[in-house]
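Reader: I would like to go through the terms used for this model and see what each one rests on.

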Amino acid sequence: MGFSMDLVGAIAAFVIAVGILVAVHEYGHFWVARRLGVRVLRFSIGFGRSIWTRVGADGTEYAIGILPLGGYVKMLDEHDGDVPEADRERAFNRKPLWARSAIVLAGPAFNFLFAVLAWWLVYMVGFAGLKAVVGEVTPGLPAERAGLDPGDAVVAVEGREAKTWSAVVAATLGEALDQNRVELRWRSPDRGIESGSLDLRGVNLDGLTSGSFFATLGVEPAMPATAPAIGEVVAGEPADRAGMRPGDVVVRALGEPIESWMEWVRFVRERPEVEFPVEVRRGGEVVTLALRPAAVEHDGGTIGRIGAILDQDAASTGDLFVNERRTPWDAAVRATARTWEISSLTVGLLWKMVRLELSSEHLSGPITIARYARDSASGGFTRFVEFLAIVSVSLGILNLLPIPVLDGGHLLIHLAEALKGGPLSQRTMFLGYQAGVVLLVGLMGLALYNDLMRLFT
């Protein structure tokens with residue numbers, strides 16, 4: 001039941017997110033085409049058989065397709081068939097090269113504009129982020145060599161303010177793509193403001209761009225204390241069979257006091273297939289249960305798992321979170337900078353993949369996007385809007401790749417036309433589109449393969 005609800009939530013969040021972002025992208029083409037006098041025949045969100053259609057007063061057919069994986073704007077074009085004499089001046093192919101290029105460029109441009117507006121809204125509303133306070137430092141790794149100690153609070157990366165770990169991660173990644181050292185400033189509880197540099201020579205970029213970012217640098221964020229409270233019990237798993245219920249708070253296990261969720265997780269992981277007594281506080285009484293964690297493979301070893309999920313409301317945030325909220329002007333400046341930052345980072349990562357300096361495992365497809373959409377939606381309004389902004393940037397950059405059938409490919413063809421002084425031959429166009437389709441299908445296949453590998457490993 002839990003898995004099916006997760007699946008439904010992921011699909012719903014994915015459809016909503018993709019629907020919004022595709023609508024923004026296609027509306028960019030639509031809006032500029034109309035302003036430049038091109039007749040739009042069809043505006044579709046999704047592909048395949050239409051599940052909803054309506055012809056507007058402007059003569060455009062608006063539709064929603066059954067496959068929510070993209071969309072298109074169909075414009076009047078003599079390459080697609082005969083065009084009445086009265087409408088020829090409204091055909092896309094009759095427009096000058098600059099106008100056709102503006103229409104093509106408008107889709108990605110609207111994606112970037114949407115990202116700026118989304119982040120502007122996030123900064124205006126405000127959001128909580130985990131403070132960039134150091135928890136643990138691993139000896140011999142870049143963080144220790146830079147001089148960081150537990151309790152230090154990072155305040156800037158390469159001179160740019162960084163109040164939260166997410167800001168530190170984004171700034172460090174951006175710098176790591178171009179240089180071997182990243183300058184940090186931090187506030188030590190004992191020594192005041194200090195500075196140092198993360199030496200990234202020999203550090204695997206794959207680690208920096210994956211979930212092992214902090215482990216790669218040798219630093220663990222200071223985390224809020226979280227009570228060992230059960231929020232959800234997965235049906236049929238060991239916790240359910242032992243009689244655990246949502247709302248239970250673990251008090252003792254094998255007679256040892258359990259004071260935090262992480263302590264409870266470590267205790268369970270160390271005891272696969274070992275039965276032990278666990279005391280939980282349920283309402284006003286303490287109940288003793290017999291719990292036997294299941295054995296599961298993890299990172300080449302075997303750990304215990306019981307199928308119980310943390311009660312998020314039990315987290316004691318203390319002063320480890322900071323709320324970022326800015327004035328309208330400051331939010332606009334920061335949103336623009338954030339869009340540029342993510343755009344530069346995305347382009348840098350793609351370039352590293354092309355040069356084989358970074359694993360193609362970082363390409364993500366619809367399954368991973370759906371999981372992130374679900375997680376961000378469950379995190380609240382601002383988290384979902386921030387997710388939309390990031391994916392919107394990615395969608396804009398993807399469409400600007402110089403691959404025929406994508407917007408970037410069309411712009412490349414327009415450039416070739418400008419250099420040649422006339423349109424390309426039909427054969428050249430056909431071969432270009434064939435190569436583009438093959439390349440695009442290959443990229444999509446690789447992204448889907450990566451999704452499945454993540455899902456099953």
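Reader: What makes the lining of the largest cavity nonpolar, polar or charged by class?

Author: The model is predicted, so local features need pLDDT of at least 70 and side-chain atom pairs count only at pLDDT 80 or more, while totals for chains, interfaces and linings use all residues. Residues are numbered from 1 along each chain as its sequence is written, and side-chain values use heavy atoms, with hydrogens and water left out. Ala, Val, Leu, Ile, Met, Phe, Trp, Tyr, Cys and Pro count as nonpolar, Asp, Glu, Lys and Arg as charged, and the others, Gly among them, as polar. The lining has 11 nonpolar residues, one polar and no charged. Among its residues are Trp165, Thr172, Phe213 and Phe214.

Reader: Why is this space called a cavity, and what is its volume?

Author: On a 1 Å grid over the protein atoms alone, a cavity is a set of points where a 1.4 Å probe fits but cannot get out; a pocket is an open set with protein on both sides within 12 Å along at least five of seven lines, and lining residues have an atom within 4 Å of a point. Points are joined across faces, edges and corners, and the volume is the space filled by probe spheres set on them. The largest cavity comes to about 80 Å³, and the count of cavities of 30 Å³ or more is one. Helix 4 (165-176) and helix 6 (213-217) each give two or more residues to the lining of the largest cavity. Helices (H or I, at least four residues) and strands (E, at least two) are DSSP runs, numbered from the N terminus.

Reader: Which classes make up the lining of the second largest pocket?

Author: That lining divides into 12 nonpolar, five polar and 13 charged residues. The second largest pocket holds about 530 Å³ of space, and Arg160, Ala170, Ala171, Arg334 and Glu341 lie nearest its centre. Helix 9 supplies the largest share of the lining, 10 residues.

Reader: Why are helix 2 and helix 11 called roughly antiparallel?

Author: Axes are lines fitted to C-alpha atoms, for helices over the stretch in contact, and angles run from 0 to 180 degrees between N-to-C directions. Angles under 35 degrees count as roughly parallel, over 145 as roughly antiparallel, 65 to 115 as roughly perpendicular and the rest as oblique. The axes of helix 2 (residues 97-125) and helix 11 (residues 381-399) cross at roughly 160° and come within 8 Å. The two helices are therefore roughly antiparallel to each other. Their contact has 17 nonpolar, five polar and one charged residues.

Reader: How do you know that strand 11 and strand 12 pair?

Author: Two strands pair if DSSP finds at least two bridges between them. Strand 11 (residues 249-253) and strand 12 have two bridges, in the antiparallel sense.
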